[in-house]
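Here are some short notes on the charged side chains in this structure. Please read them with the model open.

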Amino acid sequence: MHKATGLGFIAISGVALSVCACGRQVTPNPPGLGAGGAPPGYVSLVFDVAQPFNFSSYEYMFVFNTSGTGVTPSTDTVQTNWAGYRIALIARGNAGTSSAEVVQFVPPKAGKGPPGWVPLYPTPQQFSYNPNSNGAGTEFSMLVQKSVLRGYTPSPSPSSAPTPTPSSVWAFNAFAAGTSASQGQWVFADSLGAGGPIDPQFVSPKLCFTEPFENTYNGRYLQGDPTAQIVSVEIANNPASPSPCP
């Protein structure tokens with residue numbers, strides 16, 4: 001699907017984030033920074049696998065459902081009609097290099113089918129990617145401004161109802177997927193669910209993105225290719241103006 005769209009990539013390879021090999025923080029955050037070493041208004045993401053990334057065969061991604069429906073993105077994309085797929089942060093590349101991008105999924109205007117992909121093109125100040133944040137080739141990290149994860153909202157027509165206030169309670173999942181997808185769809189190799197590429201699926205906790213948090217989630221699927229086996233992911237949020245979720 002996305003291979004034919006000519007999407008651009010955002011890659012900042014030398015940005016050092018405050019992370020460790022296990023995806024867990026072991027030292028206090030630097031002064032002025034918050035959860036995960038993120039500055040105010042940013043989200044820090046860390047992705048760990050069992051053996052060094054194989055970017056020639058797999059893409060590795062965080063997928064967020066920022067719509068407020070609470071649906072967890074799953075590997076059952078056909079059965080669920082891509083429910084919960086809203087924003088993805090994807091690391092991909094080849095044997096020697098990798099890059100990262102942020103895309104928004106747009107449902108088809110009518111009927112069912114794979115969503116369209118819209119690249120968001122954040123600036124280097126809004127999004128950075130460290131492809132080897134633990135020095136062992138098994139961890140990458142990302143730092144993204146929260147406003148980027150909201151994506152874009154089409155401008156309403158003059159006669160339409162006002163745009164509702166965006167939800168601050170999001171769901172997520174993490175995936176490793178084959179890049180040689182049949183019929184334009186990913187071939188999943190792992191997720192955070194106990195079934196990995198199949199059921200049983202991961203059920204995301206409700207993440208309040210107006211409150212600070214720093215959470216680690218461990219992978220549960222221990223079969224398959226270790227270069228695609230998710231060991232853990234970390235999500236840390238440092239809101240610019242913290243407030244309780246409704």
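1. Start with a pair of residues: both Arg92 and Glu59 are buried. Keep in mind that this is a predicted model.

2. Glu59 is found in strand β2, which covers residues 58-65. Its relative accessible area is 0%, so Glu59 falls under the 20% limit and counts as buried.

3. The side chains of Glu59 and Arg92 are joined by a polar contact of 2.8 Å. The pair is also a salt bridge, with 2.8 Å from N to O. Arg92 lies in strand β3 (residues 87-93) and Glu59 in strand β2, so this pair ties together parts that are 33 residues apart in sequence.

4. In general, side chains of opposite charge can pair when their charged atoms come close.

5. Arg92 has a relative accessible area of 7%, and Arg92 is therefore buried under the 20% limit. Arg92 also forms a salt bridge with Glu101, and here the closest N and O atoms are 2.2 Å apart.

6. Is Glu101 buried or exposed? Glu101 has 1% relative accessibility, so Glu101 counts as buried.

7. How many salt bridges does the count come to? The count is two. Glu59, Arg92 and Glu101 are linked in a network of salt bridges.

How values were computed:
Residues are numbered from 1 along each chain as its sequence is written. This is a predicted model: local features need pLDDT of at least 70, side-chain atom pairs count only at pLDDT 80 or more; totals for chains, interfaces and linings use all residues. Side-chain values use heavy atoms; hydrogens and water are left out. Helices (H or I, at least four residues) and strands (E, at least two) are DSSP runs, numbered from the N terminus. Buried means under 20% relative accessible area, exposed over 50%, partly exposed in between (1.4 Å probe, protein chains only). A polar contact is a pair of N or O atoms within 3.5 Å; within protein, one must be able to donate a hydrogen and the other to accept it, and residues adjacent in sequence count only if both atoms are side-chain atoms. A salt bridge is a side-chain nitrogen of Lys or Arg within 4 Å of a carboxyl oxygen of Asp or Glu.
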